[in-house]
Amino acid sequence: MIAVLGLQLSNPGAWVFLAFAAVTVASALMVAVSRNIVYSAFSLLLTFFGVAGLYVFLDADFLAAAQLLVYIGGILVLILFGIMLTNKIRDIHVSNDTTNPILGAVVAAGIFLVLAYVSLRCDWQVEDRPPAATAHEIGRAFMGRYLLPFEASSVLLLGALIGAAYLARRSEKKEGA
Amino acid sequence: MIASLEWFLLIGAFLFATGVYTILTRKNAVSVLMGVELVLNAANINLIAFSRFIKPVSSIGPQSVALPMEPVAASGIYGAPWIQGQVFAAFVIVLAAAEAAVALGIILGIYRGLGDVNVDETVRLKG
Amino acid sequence: MHLLDFIHQLLPFTRDWADWFVYVLMVFFFAFAILNTLVAPLTGISTYIERRLAGRAQYRWGPNRVGFRSLLSALPLTRGLTKLADVQPIKFIGSKIPGGLLQFAADGLKLFTKEDIIPSGADSFLFRLAPYVVMAGSFAAFAVFPVSFWCSATNLNIGIFYVIGISSLVVPGVLMSGWASANKWALYGGMRAASQIVSYEIPVAISLMTVVMLTGSMNMNDIVASQLSGYGIEKAGLLGWNVFRYGGLLVVPFVVYFIGGCAEVNRTPFDLPEAESELVAGYHTEYSGFRWSFFFMAEYANMFAVGAIATTMFLGGPLPPYPAAFTEGLPMLARFGEGFFWFFVKSYFFVLVMIHMRWTLPRYRIDQLMHLCWKVLIPIALLWFVIMCGVKMWRMEQNLPKHPAAAAAGAHR
């Protein structure tokens with residue numbers, strides 16, 4: 001299978017790629033099945049890190065750094081705060097219950113098999129393109145063709161900022177009254 | 001290239017499946033949010049992988065036509081055609097940040113109101 | 001492939017080993033070499049300087065005993081060698097080493113031999129993992145610093161953005177240590193540190209992006225190269241540095257960056273995460289021995305990183321303050337040394353400023369800290385970003401006929 005997918009193991013980069021892929025897959029599995037929600041969250045750290053590494057292998061250096069900055073520095077910290085603010089500080093082993101794990105596993109396995117079948121059987125129109133710097137191109141696309149979505153997403157971010165602050169603040173006042 | 005497109009698609013599919021499993025089976029709302037992030041990451045891997053490997057064309061098939069993209073072909077003021085997948089991924093990252101902030105605000109609100117973040121028990125609006 | 005062949009030639013016995021095993025060994029070897037040659041001495045000398053300066057600030061001596069002889073007598077193996085310290089050439093060299101300079105080495109030995117305590121209630125896996133995450137976050141940034149003229153470990157196209165991104169690994173690491181310690185002071189310290197670093201990342205990033213916007217590149221070597229000339233002078237020396245260019249307008253982002261940087265490394269006056277009168281020692285309360293020293297080294301490495309980023313983005317990096325034409329005739333190695341000297345001196349200046357700040361200023365309160373970030377630094381940084389946008393557009397307007405991209409845009413209109 002490995003040879004079929006064209007991974008040359010004599011290349012050091014292939015081993016690094018395999019390491020990142022293994023980290024991503026194993027930690028994603030850990031997020032899904034861990035009994036401890038804190039372990040799930042810190043596995044998510046490894047998943048995000050591994051995905052950033054995969055972006056580097058796809059020559060998407062700008063998005064890899066953005067992934068680190070936004071997912072690890074932002075979203076993961078938010079999730080950790082969410083865990084720590086919604087649980088008692090004392091219990092270190094915070095359980096993470098599941099419902100219908102067998103049914104969920106069947107559905108997830110089905111989805112994975114269909115996606116894997118499609119991605120292995122489809123005749124992809126692959127283009128052999130030399131790697132190019134992406135930051136300039138992304139900037140041009142944002143300032144040109146995608147200017148309206150770009151502005152809309154900035155308005156969305158502002159709305160999310162105000163909305164999140166409002167949601168958190170209102171309950172505080174209610175508590176104090 | 002070190003790894004072929006299929007590798008990335010398989011990893012993306014696996015992340016998607018684990019994300020779906022997490023969303024379906026977890027009771028804790030924060031865990032469900034983690035599943036959503038996994039799904040978004042899976043989508044991003046696919047977007048960037050297609051952006052890296054696939055020729056920008058209008059349809060797959062023998063008579064596929066290159067899209068009339070931009071007035072400047074390679075890398076004009078609008079950006080090269082092959083960058084679109086990465087631009088989409090950047091939008092997904094932005095949306096994920098906004099979504100996580102609002103979701104955490106809602107989860108904290110639920111916790112303050114109900115004292116729990118179990119998604120099975122937030123049924124107050126049920127008729 | 002080339003790398004592996006090289007290793008095989010260098011060490012013939014590795015031919016029998018599996019490829020991946022050689023790679024893993026290589027990674028460990030490089031990490032070991034970098035930690036021992038670069039990071040440990042840097043942090044060690046920094047602690048010595050900090051303690052001496054603290055002594056001066058508090059009207060006492062600071063470390064002044066442990067020198068050459070004490071180091072020899074520290075270990076049983078070398079204790080027999082203490083007699084050698086009286087032999088003339090060694091005695092002369094030993095007398096030149098100021099007393100206390102080797103205190104850090106003695107402390108390092110002590111930390112190395114200390115018992116590694118993991119609290120019984122702690123989550124031992126995460127407890128052990130956390131120092132490595134923090135350390136990785138602070139040292140990975142060193143890969144892109146332009147330590148001399150056009151010389152950095154990697155010439156990343158997105159240099160400064162990579163630094164901002166990779167240093168955010170510190171935040172989950174700190175939260176991890178706080179949580180895994182099963183100690184409420186540690187958890188409070190970790191959450192304070194996380195909220196503080198996340199908040200101050202915003203003004204820091206905006207002020208750095210101001211420079212990126214003006215330079216038109218995120219590559220740190222490009223940013224250095226752009227500071228060679230200024231005010232229409234080729235090789236302008238001091239005048240080309242970003243702080244002095246643009247009529248000195250960039251002083252404001254520079255100050256915002258430095259204040260934010262101090263807050264990001266959790267130094268006084270922003271050391272709320274480690275406030276010893278409230279939280280014992282914050283997120284590393286429960287750590288001891290070498291694990292504790294990992295946090296310690298990460299803090300000093302972070303201080304140096306803040307100085308190095310400020311140097312690169314605002315003070316010309318390795319560029320000397322005199323016009324570069326003065327030393328252009330020198331041989332390659334001397335030029336390299338010159339660049340390294342200026343980069344190091346400028347970066348270390350900021351470390352010294354941070355040390356002085358620590359021993360002269362009292363600590364902020366948490367509400368003052370957040371007020372300073374959200375209501376003072378972020379508005380100033382945003383305002384200055386817009387102002388510098390105006391400056392950039394004005395300059396582009398002046399260069400319009402010559403600028404190829406702008407000319408192309410005009411043609412399509």
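Which helix of chain A is Gly163(A) found in? Gly163(A) is found in helix H6 (residues 147–176) of chain A, where a helix is a DSSP run of H or I with at least four residues, a strand is a run of E with at least two, and both are numbered from the N terminus. Keep in mind that this is a predicted model, where local features need pLDDT of at least 70, side-chain atom pairs count only at pLDDT 80 or more, and totals for chains, interfaces and linings use all residues. Residues are numbered from 1 along each chain as its sequence is written, while chains are lettered from A and ligands numbered from 1 in the order in which they are written.

**Gly163(A) up close**

- Gly163(A) is partly exposed, with 16 other C-beta atoms within 10 Å. A residue is buried if 20 or more other C-beta atoms lie within 10 Å of its own, exposed if 12 or fewer, and partly exposed in between, with C-beta atoms placed from the backbone.
- Leaving out residues up to four places away in sequence, Gly163(A) touches Val102(B) and Gly105(B). Two residues are in contact if their C-beta atoms, placed from the backbone, lie within 7 Å.
- Between Gly163(A) and Met143(A) there are 27 Å in space, C-alpha to C-alpha, and the two are 20 residues apart in sequence.

**Chain A**

- Chain A has six helices and zero strands, and its elements run α-α-α-α-α-α from the N terminus on.
- Of the 177 residues in chain A, 37% are buried.
- Take the contacts in chain A with a separation of 6 or more: 55% of them are between residues 24 or more positions apart.
- Asp59(A) sits in the loop between helix H2 (37–57) and helix H3 (61–85) of chain A. Its phi is near 60 degrees, a positive value in a residue other than glycine.
- Asp59(A) is buried, because it has 20 other C-beta atoms within 10 Å.

**Chain B**

- Chain B comes to three helices and zero strands, in the pattern α-α-α along the sequence.
- Buried residues account for 54% of the 127 residues in chain B.
- For chain B, 56% of the contacts with a separation of 6 or more are between residues 24 or more positions apart.
- The axes of H2(B) and H3(B) come within 9 Å and cross at roughly 175 degrees. Here axes are lines fitted to C-alpha atoms, for helices over the stretch in contact, and angles run from 0 to 180 degrees between N-to-C directions.
- That crossing makes H2(B) roughly antiparallel to H3(B), a term for angles over 145 degrees.
- Among the residues making this contact are Leu33(B), Leu40(B) and Leu47(B) of H2(B), and Phe88(B), Val92(B) and Ile107(B) of H3(B).
- The contact of H2(B) with H3(B) divides into 16 nonpolar, five polar and one charged residues. Ala, Val, Leu, Ile, Met, Phe, Trp, Tyr, Cys and Pro count as nonpolar, Asp, Glu, Lys and Arg as charged, and the others, Gly among them, as polar.

**Where chain A meets its partners**

- The contact between chains A and B takes 70 residues from chain B and 81 residues from chain A.
- On the chain B side, helix H1 (5–25), helix H2 (29–53) and helix H3 (84–114) each supply at least two residues. H3(B) gives the most, with 21 residues.
- That side of chain B holds 50 nonpolar, twelve polar and eight charged residues.
- With chain C, the contact takes 31 residues from chain C and 23 residues from chain A.
- Helices of chain C that each supply at least two residues to its side include helix H1 (2–10) and helix H2 (19–57). The largest share of that side, six residues, comes from H10(C).
- By class, the side of chain C that touches chain A has 23 nonpolar, four polar and four charged residues.

**Inside chain C**

- The domain assignment of chain C, with bounds from an automatic or database assignment, gives domain 1 (2–109) and domain 2 (124–398).
- Each of these two domains of chain C puts ten residues into the contact between them.
- Tyr59(C) lies in the loop between H2 and helix H3 (68–74) of chain C and has a positive phi of about 60 degrees although it is not a glycine.
- Tyr59(C) is exposed, with 6 other C-beta atoms within 10 Å.
- Among the buried residues of H15(C) are Trp342(C), Phe343(C) and Phe350(C).

Terms used
Parallel < 35°, antiparallel > 145°, perpendicular 65-115°, else oblique.
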